[in-house]
Amino acid sequence: MQIEKRSRAAVVCLLCYFALPFLTRAANPPDAPPVILIQNATILTVSHGTIEHGSILIKDGKIAEVGTSIKAPKDAQVLDAAGQFVIPGIIDCHSHIAVDGSVNEGSVSVSSIVNIADVLNPDDIDIYRDLAGGVTVANVLHGSANSIGGQTVVIKLRWGLPASKLPFEGAVPGIKFALGENPKRSNFSIPGSTPRYPATRMGVEETIRTAFAEARDYKKTWDDYDKRMAGGDKKAIPPRRDLRLDPLVEVLEGKRYVHSHCYREDEILMLLRVAKEFGFKVRTFQHVLEGYKVADEIAAAGTGASTFSDWWAYKVEAYDAIPYNAAIMTRRGVIVSINSDDAEEATHLNQEAAKTMKYGGLTHDEALKLVTLNPAIQLGIDKRVGSIDVGKDADLVIYNHDPLSAYAVVQETLIDGRVYFDRKRDISERDAREKEKKVLMEKEKKAEEKKSGDKKPGEGKPVAGKPEDKPKPPQSNAVSRGAL
Amino acid sequence: MKSIIWMARTVAMILATCCFCLNASAQSQPPSTYALTHAKIFTLAGAPIEDGTLVIKDGKIAAVGANVEVPAGAQVIDAKGLQIYPGLFDPVTQMGLSEISAVNATVDSTETGPYNPDVVAATAVSPSSEHIPVTRASGITEVLTVPDSGGFDSGGARGVIGGQASAIHLSGWTINDMLIKKSVAMVISWPVIETRTFDFATFSRKEKPFTEAKQEYEKQVNELTDYLERARHYAQAMGHGGPSDFHRDLKLEALAPVVRGQLPVLVFANRARDIRNAVEFCDKQKLKMILAGGEEAYKVKDLLRSKGIPVILRPMLSLPMDEDDAYDRLLSQPAELAAAGVKFAFGSFDNSFARRLGQQAANAVAYGLPYDEALKAVTVYPAEIFGVADQVGTLQTGKVANIIVTNGDPLELTTEVKFLFIKGQRTPLDNRHQRLYEKYLNRPKAAN
């Protein structure tokens with residue numbers, strides 16, 4: 001079965017049924033040389049223009065210096081980037097990579113109890129693929145099956161490190177909301193199943209309002225309790241914790257960002273009204289394909305918009321989607337980013353951003369911001385990443401061409417000053433990986449033959465190999481799904 | 001009272017007559033002769049022409065070259081600083097057959113049942129589809145609209161013989177204006193051995209043992225073999241005039257040109273094993289095969305070259321098939337195929353993503369494909385592969401004037417199409433997206 005890209009957004013939950021967790025092991029994380037100097041590059045700082053023949057000095061994972069006349073300190077590893085372009089690492093404000101299993105807890109309309117951080121899979125090969133596309137940070141979200149979805153986490157694509165090392169330190173956690181066709185399950189009727197509330201956009205609003213009305217009451221019980229405790233009341237009994245409402249209280253307290261999937265203008269305004277009613281902020285609208293129709297309202301609310309470059313017509317609510325969306329919203333004062341929602345799309349977000357120069361006439365700088373500084377602002381991490389400035393994390397991408405071109409290829413991707421992706425190294429290791437795969441498959445085949453050759457039942461256990469027969473831990477992603 | 005009604009009727013009649021007059025005067029014929037001057041012309045049938053002129057007359061290219069005279073009465077477009085190319089050709093789309101893929105009522109791309117050789121794409125093409133002007137604005141002037149060519153439209157189910165693909169111009173009042181060729185290929189979805197499937201009826205994943213999946217596969221291939229065998233007998237009977245009480249079978253009749261080797265089969269397959277099986281099958285059945293999909297075509301490139309089987313590559317803008325494939329496996333495949341001498345074209349396999357066709361070709365260049373090959377793979381190669389190169393694909397005298405005038409490389413993301421001609425007619429570039437853009441760009445500032 002072929003599922004083309006346009007339907008990916010619509011069937012993101014469906015795809016998960018296919019995504020089996022195959023065994024892979026990420027490469028060992030690269031060493032971090034304490035000092036790196038990238039020199040002779042065209043540096044697109046995003047924050048303060050372009051520097052020709054520029055250098056970037058990296059110390060302890062941070063950008064220590066940016067300029068044209070930096071001398072290589074002793075012991076510095078020098079990356080000569082003559083003829084190449086350096087940009088800040090790409091930040092994908094809407095990703096589903098590195099998630100073990102389904103991204104939707106679709107059984108309930110309010111699933112704030114679940115958390116992506118609990119199911120991060122550091123061995124997901126899509127981390128490496130996206131890294132090879134220049135992505136260094138991703139906002140990993142649940143699917144859009146629920147009006148109020150699960151808790152989200154911002155990660156750095158530190159391929160090779162364990163799950164505990166992926167989350168972006170100090171990034172404000174988020175929660176996924178979803179409006180429109182997906183939470184009302186318009187395109188997902190499962191034969192024989194009872195329709196789930198909500199089934200209309202009216203119901204979506206009431207689902208969210210009801211949840212926040214509860215959250216507010218719940219918060220009050222805790223506030224009262226805290227007050228009594230503070231007043232020295234030793235008889236005060238703590239309220240029963242509600243794991244479903246805790247994250248919503250955090251939203252009310254501004255400690256958790258709301259990232260809301262949406263398409264149509266009416267539902268965008270609906271959520272802004274609800275947010276106002278309950279006194280919270282919507283941090284970003286995601287997809288927001290009709291955002292261009294209500295750009296002033298979004299700008300006035302101070303909400304960010306993270307959209308697609310040119311997806312449209314895969315469902316009714318995407319029929320008015322236009323590739324000029326990012327440009328119009330930008331012109332009306334909205335902080336806009338272009339996201340992927342898809343592991344493959346993420347590998348060329350630089351190209352997707354470039355399209356806004358054609359559709360709506362954004363400048364080169366504005367276009368580049370859509371996948372760097374703007375998503376950093378939206379995720380509240382712009383003090384750390386999003387531009388090439390002294391003091392920021394050394395999350396950088398080196399291209400062989402202007403990155404806003406279909407001809408640009410990522411050569412290296414750095415996170416925290418470590419080279420996590422190196423195209424030359426990737427290519428040079430391919431033969432060895434291929435050989436390793438063959439050896440493993442041969443072993444597997446032999447084991448299978450041995451197994452089927454055993455006549456007595458119960459004796460088909462795999463034969464423990466001699467120590468020297470044990471396959472070495474793979475150095476990379478070179479383990480075929482067939483082999484293990 | 002009566003007189004009022006009479007008066008109203010009279011007024012209405014007069015108004016109607018006026019409208020008719022206006023309408024009639026609006027029907028004046030557009031110019032039939034154009035001269036595009038001072039452009040850099042990429043004919044794709046020779047070296048680029050600097051400061052060249054291209055003359056369009058009566059829908060065809062009348063002249064192209066550096067020293068071409070502008071005919072009297074021609075509408076002249078000074079294309080100084082601009083570049084002229086043949087319009088791009090997307091060889092696998094569901095153009096006009098599918099509007100909003102999630103809404104069944106708007107989708108006519110996939111018929112039910114496994115064998116539908118008699119259904120023809122051109123029959124159900126909606127000339128008013130919003131996809132047509134949107135796609136056109138990206139420089140695509142003609143496409144193949146292909147039944148059963150995948151996508152979510154199919155609800156996950158695909159037939160075996162999907163129907164006939166049609167080659168169409170992306171402009172026309174009716175399908176009659178649009179047709180390049182009604183039937184250019186018979187679609188076959190090569191059966192695959194699938195151990196993991198998704199059951200839409202229960203919305204759940206199904207696993208089955210390999211042996212069972214293989215048996216199912218073999219059963220499908222046997223059925224297909226039988227079907228073609230019947231078609232062959234039928235075609236023979238047709239050839240002999242048949243008995244007087246000849247009962248027509250439209251499905252078998254539609255397959256007659258296929259079994260005679262006149263109409264190629266467009267076979268969808270991606271895995272090397274499936275491609276190999278399909279090639280072997282078509283070889284045995286003496287079918288003229290064109291491969292569609294071909295994600296693992298690189299693994300069987302020598303076979304494809306030796307059999308002269310061209311490939312329509314599905315979008316590289318999708319991830320490699322296997323986890324341990326090189327991350328750029330699909331991106332570097334076109335260069336590898338070109339080096340091996342396999343002929344191929346790029347296809348979007350879609351409607352809403354058709355405008356990414358140039359991006360796809362450019363990405364292949366970034367990963368090693370020579371630029372000229374990339375350009376040909378979205379123009380002249382698809383035309384040759386589907387047997388319509390006598391009409392479109394290059395800028396040569398006598399060919400249909402499907403032409404784009406751009407401000408740069410037509411494969412680059414930021415390049416704009418400035419003028420577009422289909423069948424020699426200057427064709428508007430505005431579309432649903434452009435209109436919505438202009439409307440909302442001009443929305444007065446909202447009072448908050």
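Are Glu352(A) and Lys355(A) buried or exposed? Glu352(A) is buried, as is Lys355(A); buried stands for under 20% relative accessible area, exposed for over 50%, and partly exposed for values in between (1.4 Å probe, protein chains only).

This is a predicted model, in which local features need pLDDT of at least 70 and side-chain atom pairs pLDDT 80 or more, while totals for chains, interfaces and linings use all residues. Residues are numbered from 1 along each chain as its sequence is written, chains are lettered from A in the order in which they are written, and side-chain values use heavy atoms, without hydrogens and water.

View 1. The closest N and O atoms of Glu352(A) and Lys355(A) are 2.7 Å apart. A salt bridge is a side-chain nitrogen of Lys or Arg within 4 Å of a carboxyl oxygen of Asp or Glu. Helices (H or I, at least four residues) and strands (E, at least two) are DSSP runs numbered from the N terminus.

**View 2. Salt bridge between Asp118(B) and Lys251(B).** The N to O distance is 3.7 Å. Asp118(B) lies in the loop between β6 (88-93) and α2 (131-136), and Lys251(B) in helix α5 (residues 250-259), 133 residues apart. Asp118(B) is partly exposed at 29% relative accessibility, and Lys251(B) is partly exposed at 27%.

**View 3. Salt bridge between Asp393(A) and Lys156(A).** The closest N and O atoms are 2.6 Å apart. Asp393(A) is in the loop between α10 (373-378) and β14 (396-399) and Lys156(A) in strand β8 (residues 148-156), so the pair ties together parts 237 residues apart in sequence. Both residues are buried.
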